[in-house]
Amino acid sequence: MPSISKSLQAILGAPGINGKRVTVLSKDGLTDFMRSIICSEQETKETFYVLDLGAVATLMDRWTLALPKVQPYYAVKCNPNLNFLGAMAALGTNFDCVSQAEIESILSLGVSPDRIIFANPCKAGSHIKYAASVGVNLTTFDSIDEIKKMQKWHPKCDLIIQIKALDDSGACCPLSSKLGNMGSKYGALPEELTVGGISFHIGSASTDSRAYQSRFCYQQAIAAAKTAFKMATKLGMPQMSVLNIGGGFMANSQFDETATVVKTAIQSYFGNYSGLTVIAEPGRFFAESVFTLATNIIGKRIRNELREYWISDGIYGSLNCIILDNAIVKCMPLALTSNLENPTRKGSKTYNSTVFGPTCDALDIVFRGYQLPKLQVDDWLVFSTMAAYTTAAGTNFNGFNTSAIPNIERIDCMNNVEAEYRQLKKVRPDECQLVGVRPADNCVTPANKTSSFARSPVWCLPQHLRCQS
Ligand SMILES: *Cc1c(COP(=O)(O)O)cnc(C)c1O
């Protein structure tokens with residue numbers, strides 16, 4: 001496993017991260033960290049995200065270890081946050097973009113265009129023209145009409161045919177009704193074409209049971225891809241060289257087994273195929289767990305036994321995932337106004353509660369019948385694993401603008417806080433400043449702090465040092 005410090009060094013130099021304030025914390029320091037942000041910088045009580053850069057590095061290590069020969073092209077649509085994309089780029093991933101704007105944001109990070117796949121089988125002509133002008137030369141397609149467009153706007157582009165994943169009915173977000181064609185009708189491959197490879201997507205998963213099923217889908221789809229490779233040879237097409245196994249991966253305890261099934265299938269179907277490049281388009285795998293959302297309780301009402309709260313983000317914002325991604329979300333209270341001694345309210349009596357989002361639409365309900373302790377206005381609700389298909393699809397309905405939610409980066413120290421600190425000090429000596437927060441004390445206000453999150457790096461070591469109030 002690459003050392004975490006190497007990954008951290010890469011991340012600290014990343015476009016989008018470099019020059020920003022980064023906070024080093026112990027592994028379990030998230031609550032304290034959020035608390036310090038809220039107390040020192042959040043007079044206005046705005047929704048914010050924390051990006052866990054240590055978790056990004058760990059996920060990358062996990063992928064590389066399990067699928068060393070599968071180059072990930074991170075699916076930007078899953079979470080297009082620039083700081084996160086910058087960290088991913090520094091760690092060596094490539095990118096799956098679906099539109100001109102997604103390509104622009106990746107290029108803005110200084111990433112070379114040959115690290116991008118334009119993974120949209122049906123593209124607008126103007127976007128194809130743009131891709132040609134910036135040198136993005138790899139795309140997917142699944143129809144004759146797309147070929148005509150490619151011939152017209154970007155004839156030099158390498159083409160990958162998107163086949164239908166055979167069974168994605170169990171996925172929370174099946175994609176085969178939209179993506180892919182020619183499932184078993186390979187005879188329909190247009191003869192005049194040069195196709196460089198085969199692509200599929202088994203459907204996006206967000207439950208563990210789906211993750212279990214997904215390994216069989218990969219197996220089936222890899223077998224189908226092999227059939228397509230054979231058909232291409234039969235049709236006298238030049239030898240194909242790319243197998244794109246798409247997304248659908250989850251970073252849960254079953255990931256290693258899924259990876260083993262994928263590797264075994266690649267070996268058994270393509271073991272003696274020379275010159276094959278295998279790529280993937282994971283979105284959820286990398287994004288899901290790395291952001292934590294903090295929402296402020298902005299209103300409260302008690303009707304008979306029922307407790308109702310309003311929070312600063314909702315169904316039209318980040319929490320659209322409840323509707324659009326079938327997500328089952330959970331939250332943890334952070335009662336920084338009503339109970340500073342025990343802000344997570346562990347062991348407190350809970351009540352049936354409704355939680356509304358901030359808009360005036362009756363649809364904007366985050367929870368019904370959810371068990372929460374007694375909370376007050378200006379306490380917080382914290383949502384972890386809140387990054388896959390969340391802000392990406394949020395709106396600014398009623399003037400609550402999802403894309404304006406700030407994010408604050410933190411780095412986990414996996415083992416030894418002090419060793420990590422010394423390591424970081426070596427990398428960015430001038431910017432290093434030591435600030436300590438003891439969990440039970442009031443939050444630190446760093447000397448010369450500014451109200452903006454983006455300035456003066458502060459390394460925050462929770463178990464150490466004095467605490468100012
Ligand atoms: C959405 C999408 C992905 C990412 O899927 P995940 O389930 O998040 O891994 C990859 N490729 C394509 C073509 C997609 O549409």
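**Reading the predicted model, one value at a time**

Modeller: Contacts between residues 24 or more positions apart account for 73% of the contacts in the chain with a separation of 6 or more. The model is a predicted one.

Colleague: How many helices and strands does the chain have, and what share of its residues count as buried?

Modeller: There are twelve helices and 19 strands in the chain. Of its 469 residues, 47% count as buried.

Colleague: What makes Leu243 a buried residue?

Modeller: Leu243 has 25 other C-beta atoms within 10 Å. A residue is called buried at 20 or more, and Leu243 is therefore buried. Leu243 belongs to strand 9, residues 242-244. Apart from residues up to four places away in sequence, Leu243 touches Gly197, Ile198, Ala225, Phe270, Leu276 and Val278.

Colleague: Is Leu51, in strand 2, buried or exposed, and how do you know?

Modeller: For Leu51 the count of other C-beta atoms within 10 Å is 22. The cut-off for a buried residue is 20 or more, so Leu51 is buried. Strand 2, which holds Leu51, covers residues 48-52. With neighbours within four places set aside, Leu51 is in contact with Asn83, Phe84, Val290, Phe291, Asn407 and Glu409. Among these, Asn407 lies 356 residues away along the chain, yet the two C-alpha atoms are separated by 6.4 Å.

Colleague: Why is Pro406 called partly exposed?

Modeller: Pro406 has 13 other C-beta atoms within 10 Å. Exposed requires 12 or fewer and buried 20 or more; the count for Pro406 falls in between, so Pro406 is partly exposed. Pro406 is in the loop between strand 16 (380-383) and strand 17 (407-413). Thr47 is 359 residues from Pro406 in sequence, but their C-alpha atoms are 7.7 Å apart in space.

Colleague: Where does Tyr389 lie, and why is it called buried?

Modeller: Tyr389 also lies in the loop between strand 16 and strand 17. With 24 other C-beta atoms within 10 Å, Tyr389 reaches the cut-off of 20 or more and is therefore buried. Its phi is near 55°, a positive value in a residue other than glycine.

Colleague: What is the phi of Asn326, and what makes this residue partly exposed?

Modeller: Asn326, which is not a glycine, has a positive phi of about 50°. Its 14 other C-beta atoms within 10 Å lie between the limits of 12 and 20, so Asn326 is partly exposed. The loop that holds Asn326 runs between helix 11 (321-324) and strand 13 (332-334).

Colleague: At what angle do helix 5 and helix 6 pack, and what is that arrangement called?

Modeller: Helix 5 (residues 100-107) and helix 6 (residues 125-134) pack at an angle of about 25°, their axes being 9 Å apart. Angles under 35 degrees count as roughly parallel, and helix 5 is therefore roughly parallel to helix 6. On the helix 5 side, Gln100, Ile103 and Leu107 meet His127, Tyr130, Ala131 and Val134 of helix 6. By class, this contact has five nonpolar, two polar and no charged residues.

Colleague: Which residues come nearest to the ligand?

Modeller: Ala75, Ser204, Gly247, Glu281 and Gly283 come nearest, out of 18 residues around the ligand. That shell divides into eight nonpolar, six polar and four charged residues.

Colleague: What is the average pLDDT of the chain, and where does pLDDT stay under 50?

Modeller: The average is 82, and 78% of the residues score at least 70. Over residues 182-187 the pLDDT is below 50. It also stays under 50 over residues 432-469, for which the model has 83 contacts beyond four places in sequence.

Definitions and conventions:
Residues numbered from 1 in each chain as written. Predicted model: local features only at pLDDT ≥ 70, side-chain atom pairs only at ≥ 80, totals over all residues. Near = placed C-beta within 6 Å. Nonpolar A, V, L, I, M, F, W, Y, C, P; charged D, E, K, R; others polar. Helix = DSSP H or I, 4+ residues; strand = E, 2+ residues; numbered from the N terminus. Contact = placed C-beta atoms within 7 Å. Axes fitted to C-alpha atoms, helices over the stretch in contact; angles between N-to-C directions. Parallel < 35°, antiparallel > 145°, perpendicular 65-115°, else oblique. pLDDT = per-residue confidence, 0-100.
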